[in-house]
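Have the sequence and the 3D view open side by side. Then find each residue as the report names it.

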Amino acid sequence: MLQPLRFSVTLALAATAVAGCTGQLGDRDSSPTGGDGDGGGGVTLPDGTESVSLLPARIRRLTNAEYAASARALTRTATDPSGSFTPDSRQDGYTVNDAQRVDPVLAKQLAASAEALAAEVKGKLAEFAPCADQGAQAESCAADFIKSFGGRAYRRPLDTAEIDALLTVYRVGAKGATYADGIELIARAVLQSAGFLYLTEIGDGSSGATLALTPHELASSLSYLITAGPPDDALLEAATTGALSTPEGRETEVRRLLQTSAARDRIVRVVREWLGIDRIAMTAKDSNVYKDFAGVRPSMELETAAFVNEVLSNANGTVGELLGADWSVLDEPLRDFYKASGVGRVSLSNRRGILNQGAFLAVHAHATETAPVLRGVTVLRRVTCNDIPSPTELNINVVPPVPDPSKTTRERFSIHSTDEECRSCHNYIDPFGFSFEQFDGMGKLRDMDVENKHLLDNGHPVDSAVTVAMGADDIDGAYADSNALAQALSTSKTVRSCFARQVFRASAGRSGKSSAESEDSFVRAWEAAPEAEQGKIVETLVTYVKSSLFSHRRPQ
């Protein structure tokens with residue numbers, strides 16, 4: 001057990017490092033491209049991007065998933081290092097964002113995780129920090145460990161000042177103790193340091209209208225974007241040779257990384273966060289109304305991952321396929337729940353695409369009944385990018401429709417379209433939401449609305465027929481139900497453009513007014529790609545990585 005003094009030194013160094021992240025982190029390595037412009041006004045980068053549309057120079061804390069992947073790669077632990085962390089904060093639904101902070105609760109959790117991981121490193125001393133003579137050569141061995149372990153943790157070579165600071169940590173840890181204790185304290189300090197916990201996008205310190213990210217910043221940004229983990233040896237080598245300074249060099253590495261399982265897992269996470277269905281594991285239902293839900297919920301979570309992977313690997317890899325596929329990938333519980341013909345990849349005649357799968361339908365519903373408004377708003381905002389305001393923004397006090405066993409859910413919620421304050425928004429929302437009424441609150445196909453039935457009746461027939469009139473020619477029209485609507489959404493250019501925006505928000509870690517110019521600039525670059533490529537998830541990511549929006553920043 002480390003003494004309290006050593007623990008205090010670790011926390012002090014970590015706190016100083018994290019605090020330093022809110023200011024300037026200093027030069028780290030030199031970029032072959034350097035800064036652009038003369039520091040006055042805007043400039044146009046070679047790919048046509050205007051400097052005013054670049055994101056600002058910034059730092060970003062790793063998400064919980066990124067922290068776990070980074071800690072596993074660094075320490076080779078088999079545990080889930082972030083499993084007990086507080087949930088990530090979100091921007092526009094996405095966990096990757098530059099608003100992530102280290103609050104006092106998370107700081108304690110990071111310290112506990114670092115302590116456990118450092119103990120694992122100490123237990124594998126011969127693997128991480130071998131030293132033939134732990135007497136005379138101990139400090140030299142510690143310096144070697146700092147360079148290797150610290151370089152992998154910081155995802156770049158350490159400078160002299162950083163090496164010296166960690167040698168001081170080693171001396172404190174080893175004083176009156178052992179070489180192994182000193183190595184353990186180094187590991188604890190590194191795992192709580194800013195260099196490990198944060199990604200930087202600040203360039204090499206050059207002045208000008210734009211800042212080019214350094215080679216190692218490009219490597220880290222690219223790796224975390226595609227795999228949600230640290231750069232591998234091949235990517236670090238590409239950084240060292242300067243290959244990442246060109247769009248073509250970055251494209252080569254992106255396409256290589258996209259073949260990995262980590263990249264597919266990252267895309268699955270983006271799709272789940274896009275539609276809010278990452279909440280399925282935490283979704284609960286009233287067991288008196290939906291007695292089968294608890295048993296099938298894990299299968300719904302598995303379906304999303306298996307379906308997205310199948311779209312990427314064995315289908316056309318487009319958002320159109322995500323929304324319009326007439327098949328899914330089922331296990332036995334979900335086969336029975338869907339009344340499908342088999343397991344694995346199975347054709348489905350009554351569930352088109354991810355919007356008609358159990359996870360989406362169950363998450364966007366209440367504990368005891370369907371939620372046409374939740375389903376409708378989600379499709380409107382996330383799939384068509386219609387940023388319809390919330391009642392709070394409009395100063396409207398929402399009063400839920402009163403229970404009425406003589407009416408269906410649709411009939412009860414139709415009151416919104418008759419209210420003067422509500423109808424302007426609900427004329428857009430309700431058709432999308434009502435189209436899903438053939439599915440109950442846990443996503444089961446139904447003919448009758450039985451959740452609100454009177455004890456003496458058998459429920460009421462559901463009505464999923466709608467007419468959409470949102471002002472988009474490729475979406476407006478009459479639809480028999482959500483399956484017909486999903487088919488139309490899957491071929492819509494409006495939807496493809498919206499998905500490109502969602503990919504940008506999930507990738508850039510920023511959304512809203514502060515990044516509107518950047519987002520619009522990306523969409524223009526996306527629109528310049530061949531139309532056949534525009535709906536493809538992979539090609540949308542490649543377009544972003546090749547652009548100056550990825551490789552450059554503007555000064556704060």
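## About the model

This is a predicted model, in which local features need pLDDT of at least 70, side-chain atom pairs count only at pLDDT 80 or more, and totals for chains, interfaces and linings use all residues. Residues are numbered from 1 along each chain as its sequence is written, and side-chain values use heavy atoms, with hydrogens and water left out.

## Two positive phi angles

Start with Arg-76. Its phi is positive, about 60°, although Arg-76 is not a glycine. Arg-76 lies in the loop between α2 (64-75) and α3 (104-123). Helices here are DSSP runs of H or I with at least four residues, numbered from the N terminus. Arg-76 is partly exposed, at 43% relative accessible area. The cut-offs are these: buried is under 20% relative accessible area, exposed is over 50%, and partly exposed is in between, with a 1.4 Å probe and protein chains only.

Now take Cys-385. This non-glycine residue also has a positive phi, near 60°. The loop between α17 (372-383) and α18 (409-413) holds Cys-385. Is Cys-385 buried or exposed? Cys-385 is buried, with a relative accessible area of 18%.

## Aromatic pairs

How many aromatic pairs does a search of the whole structure find? The search finds 13. Rings of Phe, Tyr and Trp (its six-membered ring) pair if their centres lie within 6.5 Å; planes under 30 degrees apart count as stacked, over 60 as edge-to-face, and the rest as tilted. One of the pairs is Tyr-170 with Tyr-179: the centres are 6.1 Å apart and the planes are at 65°, so the pair is edge-to-face. Tyr-170 is buried, at 5% relative accessible area. Tyr-179 is buried too, at 3%.

Phe-522 and Tyr-544 form another pair. Their ring centres are 5.9 Å apart and their planes meet at 85°, so this pair is edge-to-face. Phe-522 sits in helix α22 (residues 516-527) and Tyr-544 in helix α24 (residues 537-546), so the pair ties together parts 22 residues apart in sequence. Both Phe-522 and Tyr-544 are buried. Ring pairs also link Phe-504, Phe-522, Tyr-544 and Phe-550 into a cluster.

## Charges over rings

A charge sits over a ring if NZ of Lys or CZ of Arg is within 6 Å of the ring centre and within 35 degrees of the ring normal. The charged end of Lys-285 sits over the ring of Phe-293, 5.9 Å from the ring centre. The charged end of Arg-351 sits over the ring of Tyr-338, 3.8 Å from the centre.
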